[in-house]
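Hello,

Here is the structure I promised to pass on to you. Could you open it and keep it beside you while you read my notes?

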Amino acid sequence: MTDPADHAEIRESVRRLCADFPGSYWQAKDRTREYPTEFVQTLTREGFLSVLIPEEYGGAGLGLGAATAVLEEIHRSGCNGGACHAQMYTMGTLLKHGATEQKERYLPQVASGELRLQAFGVTEPTSGTDTTRLTTFARRDGDHYVVNGQKIWISRAEHSDLMVLLVRTTAREAAAKSSDGMSVLLVDMRDAVGKGLTIRPVRTMLNHATTELFFDDLKVPVTQLIGQEGKGFRYILDGMNAERILIASECIGDARFFIDRASAYAKDRSVFGRPIGQNQGVQFPIARAYVQLWAAAEMVNKASAMYDAGLPCGSEANMAKMLASEASWFAADMCVQTHGGFGFAEEYDIERKFRETRLYQVAPISTNLILSHVATHVLGLPKSF
Ligand SMILES: Cc1cc2nc3c(=O)[nH]c(=O)nc-3n(C[C@H](O)[C@H](O)[C@H](O)COP(=O)(O)OP(=O)(O)OC[C@H]3O[C@@H](n4cnc5c(N)ncnc54)[C@H](O)[C@@H]3O)c2cc1C
């Protein structure tokens, strides 16, 4: 919850839009692990996914603060932005590091929603968080790269036209530094699927449209390289701050959802002849969740403001994401407990949101890796890896 006075109009419009997508809509999608196409199309049509794209390319040209307001309200309403949030920020790699010709070719179509750029291919099964050990390799062959390798947990790949893909163009051993020798390719999935790219869905505990990707001699034109060859890791890191702040705002929205629901239920549900919320054993966890929510929201605001001011904000983005994901998880657990048996009933949406918000302590970056960053980069403790 950023300051509710901020972006009040955007928040109000998002809330109105979300009212057309009630719990029953999400429950049905969740049951069959179906992509929420109607929801995504509506958000796209109303321009909410292009808020960060500059006006010259057809977007709203707003800052990250506006984008956090959109995602927070989506989650606060009981909806989920995971099906499309990457359409907001994945284009940042292209915007910041792409050539003018690439930006002019793609960004207006991404802004209008004609092209979906919401697949982001970094994680691999064998390297995990140790990104510099990724092995998917793009070998230069004339005016093409030939890509071979495998990715895991690449969300929305089946629902995206383009993918920002991180590959090695120089083997780790041959690079001057372990973070050198990686490059970013903008893969046109429409040309790639069935011609060297295979997408296999991975069913998970939440409805997230995530997949495994197999590259088998996929040809990608050299014109699809973003920025300079070998510098891709830096470009990706750059985009991760925005991603972490935006995901944190989803957590803030989730925490708000759980606190709203728990407060309402605790006032309404009567056991032993009085509302359960009259018992301090029930009140205090709700109040604690609220306190944690505010502390996390302040950190998200701070990180977002620093990002919009163009200041380095890697540590703040990480801390915001950690605090927000812990606040939303505490609130989720509290909400289930407050609802007793009904916390487990599908029609209440609590169990679904509980499963959904659990993700954020693992992805897009796990809590341990954030603690490690703070310990070594901020506090100067010795590195453990
Ligand atoms: C639903 C879902 C969607 C995702 N979407 C995408 C996507 O679109 N694109 C993409 O590229 N990736 C995506 N991911 C991947 C996600 O970013 C990773 O799962 C996450 O970064 C953790 O990496 P890992 O799973 O490889 O865990 P590992 O790196 O294997 O780590 C496993 C556990 O060990 C801990 N650990 C590892 N090393 C250390 C250490 N040195 N010290 C202390 N603890 C350590 C970690 O914190 C973690 O808890 C997604 C994942 C999920 C589950």
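First, the ground rules. This is a predicted model, in which local features need pLDDT of at least 70 and side-chain atom pairs count only at pLDDT 80 or more, while totals for chains, interfaces and linings use all residues. Residues are numbered from 1 along each chain as its sequence is written.

**Domains**

The chain is divided into domain 1 (8–112), domain 2 (117–230) and domain 3 (234–378), with bounds that come from an automatic or database domain assignment. Between the C-alpha centres of domain 2 and domain 3 there are 31 Å. Their contact takes 8 residues from domain 2 and 7 residues from domain 3; two residues are in contact if their C-beta atoms, placed from the backbone, lie within 7 Å. On the domain 2 side, 6 of these residues are nonpolar, 2 are polar and none is charged. Here Ala, Val, Leu, Ile, Met, Phe, Trp, Tyr, Cys and Pro count as nonpolar, Asp, Glu, Lys and Arg as charged, and the others, Gly among them, as polar.

Helices (H or I, at least four residues) and strands (E, at least two) are DSSP runs, numbered from the N terminus. A residue is buried if 20 or more other C-beta atoms lie within 10 Å of its own, exposed if 12 or fewer, and partly exposed in between, with C-beta atoms placed from the backbone.

In H2 (residues 23–32), the residues Trp26, Lys29 and Asp30 are buried. They sit on the same side of H2 because they cover an arc of only 100° around the axis, the arc being that of the directions from the helix axis to the C-beta atoms. Ser24, Ala28, Arg31 and Thr32 are exposed, on the face turned away from that buried side. Just after H2 comes Arg33, with a positive phi of about 50°.

The buried residues of H2 pack against H12 (350–358). H12 itself is mostly covered, with 7 of its 9 residues buried; among them are Arg352, Phe354 and Glu356. The partners of its buried residues are H2, H9 (232–268) and H11.

**Helices H11 and H13**

H11 (residues 314–339) packs with H13 (residues 367–378) at an angle of about 145°, the axes being 10 Å apart. Axes are lines fitted to C-alpha atoms, for helices over the stretch in contact, and angles run from 0 to 180 degrees between N-to-C directions. Ser315, Asn318, Met319, Lys321 and Met322 in H11 meet H13 residues including Ile370, His373 and Val374.

Leaving out residues up to four places away in sequence, Ala327 touches Cys251, Ala255, Gln292, Leu293 and Ala296.

**Backbone details to look at**

- The peptide bond from Ala363 to Pro364 is cis, with omega near 5°, and Pro364 is in the loop between H12 and H13.
- His7, in the segment before H1 (8–19), has a positive phi near 55°; His7 is buried, with 23 C-beta neighbours inside 10 Å.
- Phe272 has a positive phi of about 55° although it is not a glycine. Phe272 is in the loop between S9 (270–271) and S10 (274–275), and is exposed, with 8 C-beta neighbours inside 10 Å.

Best wishes, and enjoy looking around!
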